[in-house]
Amino acid sequence: MEWAMTLLGLGVLISRAVADFNIPLEVEQPPTITQQSPGQVVVLPFPFHERISFTCVAKGNPQPQYRWTKDGEDFTPPQPSTGGTQQLSNGNFSLPNVHLAKFEGTYQCYASNKLGTAITDPIQLVVPSSPKFPKEYLEPIVIDEGQPMVLKCNPPTGFTPRKLYWMTIGLQQIDQDERVSMDLDGNLYFAYTVQNDSRPDYCCFAAFTEIRAIVQKSTMAVVVNPLPKTDNGDKHSVPAVRKPSLLLPSGVQSEVVLLKGSNLELECIPEGFPTPSVEWVKLGETLPPRAEILNFGKLLNISRGSEKDDGKYMCKAKNVAGEHVHYFDVVFEEAPKWLPGPPEGQLVVTGSDVHIKCSVGGKPRPNIVWRRNGQLLEGEALSDRLQVMDDLLLLLEAGPEDGAVYQCEASNRHGRLLANANVMVLDMAPRTLTQGYKVYEVIEGHNATLGCRVFGSPLPTISWEKEEEEEAPGAGARRSTLPDGSLRLSGAEKEDAGEYLCLAVNTEGKADLTAVLAVRDPTRIVDRPRDQQVVLGSPARFTCRAECDQSLAHSFNVGWVKDGWLEINPEDPRYQVDDDGVLLIPSVNASDQGLYTCTARTHMDRVAAWALLTVLGKSPPRTLARFTYRVMDTTPVIIGKTSLLLIMTGAVLYIITRLLAKMKRKSSHGVSLISVLDNGSLRISNVTKGDAGLYTCAARNQFGVASSDGNLLVKESTAITSPAGHLDVTVGESIILPCHVSHDDSLELKFTWFFNEQLIHFGTHGGYFEKVGTRSAGDIMIRNIQLRHAGKYTCAVQTKVDSVSIATDVVVRGPPGPPVELQVKEVTEATAALSWGPGPDHHSPVLGFSVQARSTFSLGWQAVTTVPEVLGGRQLSATVTDLSPWVEYEFRVLAANAIGTGEPSQPSRKVRSKETAPRITPARVNGGGGGRSELVITWEPVSEEFQSGPGFGYVVAFRPLGAQGWMQAAVTSPDAAKYIFKNESIPPFSAYQVKVGVYNNKGEGPFGPVTTIHSAEEEPSRSPGRVRARSVSASEVEVSWKALSWSNSRRRILGYELRYREEKEQPGAARVVRTTGNRTSVLISHLEGSSTYLLSLRAYNSAGFGPPSAVVNVTTKKPPPSQAPVKIMWNTSNSKVLLRWDQVHALENESEVTGYKVTYSQDRLGGRPSVVETNSTSLELSLPVNQDYVIQIQPFSEGGHGSSSQEITIPRIKGPIAMGTACLPSASPLVTVSGLLLLLLLTARTAL
């Protein structure tokens, strides 16, 4: 009789085979990469690995051969020990972790057989060099107080992450604040300098945690020149007020391109006096909640950026002198990604069309390249049948020769993806892959699975039939064909034994195989142990005689367990166990009391029986946990003739025979629960373990007698020992839900978990759920539990004969949910009345609420003041106070409990506060300057946030100092910051009192405080006197003069402007140096030697410049010698170092040498060198000889310092005397030879 599964899932099977491309390895197929190294291998010094391994494993038939490329060129890995080449048996190779830098590059593995070539993703080997700062001497930085300054760090790269610090050489941290701060690259910025910034040991440190290293830069010295003292001479002046500008970034606009998922970090570091503050806005939008303002307002950080964060951002630096803005155009891009997954392999028949889709996303749009067996598909490689259309490869009327591995590679500037798609064009009759006539064993009543692995193209249909026998009644309902072609047989019976034929058919042919099913008798206990009561000290004997199928005798054994868990060792002298399974306790004691379980098992099944031992004597009886073995299954069970049945204690049993006859029972068990039905069936109600055994049914009539035996085996029920319960946890905790089981060892357990009646699929759900149990425990762990994980968790345990379950209610406590139904009920010019409803408390009572507001003028959401000030957990309304009039607001409410503050409510509708007369007056009212007969009054405009209503403007009032009445003028523009009153009667530089008030459509507001300013002054009327110029060197000239009177009733002197040029230059080429304050000299540098310069000086103030002085000429000195010292020789004697060198002779156009400057420093310390000056050509230095020294010699003259010699290293000398010479490039060949002789002499003498 045949029953066939016409594969309803034929299409399903085909698509599955294509999707998984799980072609059996017995079938010839191209390679498929199964393992490979990650895309980047970074070699770190910690932890140290002796060898760096590269992995490339592929499957295929024939077995793939491997080759590697490095940077696109063939690469043969070196042999580990001999230096030869490695044999790539499985594609893996390794490199010794020494001198790895020469192996740095991009590697790719090719796995090939006769059907195609598969390629791994590129693997980049990165060998960072050890981080270190360059060894350098840094000239001291000299700067005037009040000027901005930047100390460059320039940290080493290569290792990430890194942390940067600024400290002194004594490891004292440099304090940072609004004035002094560090950027992301480690540079230290000063908005302006003060005298306390002077120090000799600024040092940048870079810490690399990944390699446990800290490196430091050479120290930097900073000298801040103080401002000149005030007229009274008792204190220094303060820096002039200076409008902000940006030290970082430069320009007015920057473009920032970032990879999606990275943090957006924008920096604006200003300079100016007083210290500017920095504000951040996103034009047209509000900053997202993820935005953080760090580094004293100079850094905007938005974590996990995406396309939503694209746009234009602005930073604004401002102080009393003005403001400066910078714009950032931010664009987030994305590396290539599969949409939704990589292209898949295909198995098709000859003549089919093949479409391979390479769907990728990314920004910029990825470029797609196609390959066949690793070779580019372009030009002549394409044809009418093989076409590439961007992300689609089309193969028309495919033939066997088109079978190959096709590669799709998608790339943009952020990365690339590579996928292999195996295409097999195959017409193949079914081929069986499972061994024929394989014997499958099954215990009667258990389930059996007979395998039939078949491959063919197209995929075949599979059917099964039992050979040479008619189908038993009801057998078809117990048989089903699985998706892989196997036959599933439920509840095997003796009649099911025999041979089964699996038939596979497709358009190319058919194939079959035969499987053999053997049904074995179950193991049974024929003489069960009985409960006993034994006096203390007496022997106790338990019998347990069992039988099994003869074919299973080789794996048969009997063992004993006490109280369900303590295995009894036959070698224990307290027990005796014989070969028939009899357990003897020669002399019982109180601890022997308990439940004894006898288990008979084979490699296919197991059966158990138990008995209770009660010890009588002086010790009190012990209560046993008998409930562990209670009946769990009460479902009726039907047994046919010669059946072996496994049922659980407490079930209702019907025994039905095919013959109408009386049945007698071999055991002596009581009959109170046993009855024979009218049809001859035997009914046993509430089955117990005592009912296990052999039953015989005998039938007689006038023609004879017939009988049949049935073996009843009662199994231990499955019970969950973990108590049902209620778990109370907090968000973020990790918990374990237990599911411990006592069960019959012969039964396999299957644990299944449900969450709110829905099956839990482990490996999904974001990785929160994980199985952590053992064979008898199905425990699961919930990691980092969230509010959504609250609910009912059910553990279901199944065996082949019963099932049990237990439920645990998990309550997750967390911060409250967002409040609901937020409403704004009443708005005035300064208040807003709010009401809301409570959100879910997430099992922790709400302790309080807080209110936040947002306006177009605020940086995100800000906490606001409310009445009542403290909002308790039951307070569902409040009045927000201290609002600005005529401003549009949104509000939101947050709830808090003992666990934390929850998510905010949805924002309220936008409301505008009522308008009123303005109350805020302009700040920083000042003035002065301007043209003749002008009074210039300035102020800082009032922000729109504080204008309190439409029609806003300013009222400017002013009067001469000492006058009674005020003159007033209205300025109608709210953005105005200046008013100029012009009148020919205004005396120059005369004092005025001014004040500025405000008004709008609701009325006038107050005036600000009165400030005294001066009208426009006259420009200086005289030129400076006694202008003198003195040549200091070939490149410097000092200019001095007599100062003009600083101030009178009509004008002031703010400083002087010096203009100078070479005599041969045109007047328009003059360079300008400007001083501030009452300085009477200036040093001009970077001049040409032996050149005549023309200079003139004039005073200036806010009105303009005064008349220039008479022109003064000055000639710079001759340049210093251009020749460096040569023939430098040295010798050491104990702690003395004697240096000698040839005299440097000046050229005709150079100034004569007046002396030499010798600098020396210890070679390895890198500190500031020591300097000694001498007017001779030799010098004796007292230096310790246990250090290496670096020495340079430089001549100087009245024209300045000349050319230095090359660095000369005097090595550490072990002997008392050593000598050497420096062979410099400018020396003659004779000098070089003599130097070589001296070095040979040094080698000989130091070796003595």
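Modeller: A residue is buried when its relative accessible area is under 20%, exposed when it is over 50%, and partly exposed in between (1.4 Å probe, protein chains only). Arg783 therefore counts as partly exposed, since its relative accessible area is 37%. The structure is a predicted model, in which local features need pLDDT of at least 70 and side-chain atom pairs count only at pLDDT 80 or more, while totals for chains, interfaces and linings use all residues. Residues are numbered from 1 along each chain as its sequence is written, and side-chain values use heavy atoms, with hydrogens and water left out.

Colleague: How many helices and strands does the protein chain have?

Modeller: Helices (H or I, at least four residues) and strands (E, at least two) are DSSP runs, numbered from the N terminus. The protein chain holds 2 helices and 108 strands. Of its 1248 residues, 45% are buried.

Colleague: Where is Arg783 found, and which residues does Arg783 touch?

Modeller: Arg783 belongs to the loop that links strand E72 (780-782) with strand E73 (791-798). A contact means heavy atoms within 4.5 Å. Setting aside residues up to four places away in sequence, Arg783 touches Glu733, Ser734, Tyr768 and Glu770. With Glu770 there is also a polar contact of 2.6 Å between the two side chains. That term covers a pair of N or O atoms within 3.5 Å; within protein, one must be able to donate a hydrogen and the other to accept it, and residues adjacent in sequence count only if both atoms are side-chain atoms. The C-alpha atom of Arg783 lies 7.7 Å from that of Gly732, although 51 residues separate the two along the chain. For the protein chain, residues 24 or more positions apart supply 65% of the contacts with a separation of 6 or more.

Colleague: Is Ser1091 buried or exposed, and which backbone oxygen does its side chain reach?

Modeller: Ser1091 is buried, because its relative accessible area is 11%. Its place is the loop between strand E96 (1081-1084) and strand E97 (1092-1101). The side chain of Ser1091 reaches the backbone oxygen of Gly1089 at 3.1 Å. Leaving aside neighbours within four places in sequence, Ser1091 contacts Glu1062, Val1114, Thr1115 and Thr1116.

Colleague: In what order do the 5 strands of the open sheet stand?

Modeller: Two strands pair if DSSP finds at least two bridges between them. Here the order is E48-E56-E55-E51-E52, with mixed pairing. Strand E48 (532-535) and strand E52 (566-567) form the edges, each pairing on one side only. Strand E51 (residues 557-562) and strand E55 (residues 594-601) run antiparallel and are joined by 6 bridges. Val558 stands opposite Ala600 in E55.

Colleague: Which residues have the most contacts inside the largest nonpolar core?

Modeller: In soluble globular proteins, nonpolar side chains tend to be buried together. A nonpolar core is a set of buried Ala, Val, Leu, Ile, Met, Phe, Trp, Tyr and Cys residues joined through side-chain atoms within 4.5 Å. The largest has 24 residues, and Leu151, Trp166, Leu188, Phe190 and Tyr202 have the most contacts inside it. Elements that give two or more residues include strand E13 (149-151), strand E14 (163-167) and strand E17 (199-208). E17 provides the largest share, 4 residues. Beyond neighbours within four places in sequence, the contacts of Leu151 include Ile141, Asn187, Met220 and Val222. Apart from this core lies another of 23 residues, among them Ile735, Phe755, Ile785 and Val797.

Colleague: How many aromatic pairs does a search of the whole structure find?

Modeller: Rings of Phe, Tyr and Trp (its six-membered ring) pair if their centres lie within 6.5 Å; planes under 30 degrees apart count as stacked, over 60 as edge-to-face and the rest as tilted. The search finds 24 pairs. The rings of Tyr1100 and Phe1105 have centres 5.8 Å apart and planes at 55°, so this pair is tilted. Tyr1100 is buried at 11% relative accessible area, whereas Phe1105 is partly exposed at 32%. One aromatic cluster is formed by Phe54, Trp68, Phe75, Phe93, Phe103 and Tyr107.

Colleague: Which peptide bond is cis, with omega near 0°?

Modeller: The bond from Ser457 to Pro458 is cis, with omega near 0°. Pro458 is in the loop between strand E41 (454-457) and strand E42 (461-466). Leu248 and Pro249 are also joined by a cis peptide bond, with omega about -5°.
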